[in-house]
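Please look over the sequence and the model before reading on.

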Amino acid sequence: MASFKAVVIEKSDGGTKASLTDFDENNLMDGDVTVRVEYSTLNYKDGLAITGKAPVVRRFPMIAGIDFAGTVEASGHPAWKPGNKVVLNGWGCGETHLGAYGAKARVKGDWLVPLPASMSAREAMAIGTAGYTAMLAVMALERHGVKPDRGPVVVTGAAGGVGSVAIALLAKLGFSVSAVTGRPQESAYLRNLGAAEIVERNELTGPPKSLAKERWAGGIDAVGSTTLANLLSMTRYGGAVAACGLAGGMDLPATVAPFILRGVCLYGIDSVMCPIERRREAWKRLESDLDRQKLAAITTEIALADIFEAAPRILAGEIRGRIVVKIG
Ligand code: NDP
């Protein structure tokens with residue numbers, strides 16, 4: 001009977017427990033495409049799942065891991081045939097459907113996007129769900145009409161995964177980017193990614209005013225809570241903020257003043273159930289608009305067995321940039 005090594009989460013003593021174990025291939029869930037997983041990544045949500053800090057996993061046992069890149073091994077789906085290179089983000093993988101931290105995954109063909117032709121599986125996972133979410137946020141600002149000539153834009157949680165990719169993308173598109181970080185020691189790293197200004201996190205964590213001095217034409221927020229509330233109050237007339245994260249908290253202690261007095265828009269960014277057409281567009285844009293040298297500079301590679309040490313560190317905000325996980 002074929003089995004493979006996987007990071008499996010099981011129920012234990014009222015909580016959950018994750019371990020590296022052998023998983024029987026016959027126990028993979030239904031799906032019309034089987035993929036040989038080559039790389040995955042460590043996202044904030046993976047940190048929550050592995051540590052059990054939030055109820056991310058809703059089916060047990062669960063193979064953790066919300067995203068992968070790999071090669072199709074078998075397919076009953078008309079769009080895919082063996083040998084095709086594919087990427088998957090979200091759709092409940094690692095939450096309700098067996099996920100990415102194992103050598104094989106069986107999923108719905110409708111969930112897959114093609115690996116961009118010029119990209120390796122490792123590069124795609126260096127981007128991962130964090131980077132693809134950053135791209136979705138940039139696209140939301142663009143649809144709103146935020147352009148470099150409207151003024152500077154801001155990225156919070158700057159030295160993290162979403163933040164690092166967002167800065168690199170926005171800088172390449174010609175924006176003047178302010179990077180908000182609680183790690184001023186990472187200023188050189190952030191400037192190398194293209195940040196024009198470094199803003200200390202505590203400038204945005206105080207009690208939010210309804211309206212503050214207008215500062216940024218747009219923003220990408222990975223932090224939530226008082227940071228997002230302050231960001232809204234500092235957004236220029238007619239500007240927009242794309243909210244995608246909760247690294248600082250789930251609440252939003254804001255007033256409606258920025259919306260009704262400055263016409264500010266707040267866009268919600270969801271990567272998990274995002275429609276397939278927008279995903280394809282995001283991955284095309286990542287192929288053309290993300291500097292690969294910068295991507296390499298933000299990437300650290302680990303093995304499956306290292307996940308357990310890295311998971312609490314991403315929740316503590318200690319990981320810089322992106323972590324790829326070598327699977328194959
Ligand atoms: P990371 O841990 O890599 O980055 C988060 C960053 O936020 C940290 O590096 C740190 O940046 C900052 N931060 C951490 N804790 C706090 C705090 N208490 N107060 C203020 N800032 C803090 O995570 P990711 O970039 O992978 O993900 C960021 C967020 O986006 C997460 O909440 C994640 O769940 C969410 N997300 C949402 C998605 C969606 O579909 N909407 C998809 C992907 C991610 P610094 O040190 O520079 O201040």
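## Strand pairing and the open sheet

Strand β13 (residues 235-243) runs parallel to β14, and four bridges join the two. Within β14, Leu266 is the residue that stands opposite Val241. The model in which these features are described is a predicted one.

These strands belong to an open sheet of six strands, paired in parallel and ordered β11-β10-β9-β12-β13-β14. At its edges lie β11 (195-200) and β14 (265-268), each of which pairs on one side only. On average, and with direction ignored, neighbouring strands of this sheet are turned by 20° against each other.

## Helices on the sheet

## Helix α7

Helix α7 (residues 276-289) has 14 residues, which at 1.5 Å a residue should span 20 Å; the end C-alpha atoms are 20 Å apart, in agreement with this expectation. Its buried residues are Arg279, Ala282, Trp283, Arg285, Leu286 and Asp289. They lie on the same side of α7, because they cover an arc of only 160° around the axis. An α-helix has 3.6 residues a turn, so residues three or four places apart point the same way.

The elements that cover the buried residues of α7 include β6 (85-89), β8 (113-114), α2 (121-144) and α3 (161-172). On the face turned away from the buried side, α7 carries the exposed residues Glu277 and Lys284.

## Backbone exceptions

Most residues other than glycine have a negative phi, and most peptide bonds are trans. Asp13, although not a glycine, has a positive phi of about 45°. Asp13 is placed in the loop between β1 (3-12) and β2 (15-24), and its relative accessibility of 83% is over the 50% cut-off, so Asp13 counts as exposed.

Ser225 likewise is not a glycine and has a positive phi, of about 50°. Ser225 is found in helix α5 (residues 225-234). With a relative accessibility of 9%, under the limit of 20%, Ser225 counts as buried.

A further exception concerns the peptide bond from Phe60 to Pro61, which is cis, with omega near -10°. Pro61 has its place in the loop between α1 (44-51) and β4 (62-63).

Note on methods
Residues numbered from 1 in each chain as written. Predicted model: local features only at pLDDT ≥ 70, side-chain atom pairs only at ≥ 80, totals over all residues. Heavy atoms only, no water. Buried < 20%, exposed > 50% of the residue type's maximum accessible area, 1.4 Å probe, protein only. Expected span 1.5 Å × (residues − 1). Arc of directions from axis to C-beta. Contact = heavy atoms within 4.5 Å. Pairing = 2+ DSSP bridges. Axes fitted to C-alpha atoms, helices over the stretch in contact; angles between N-to-C directions.
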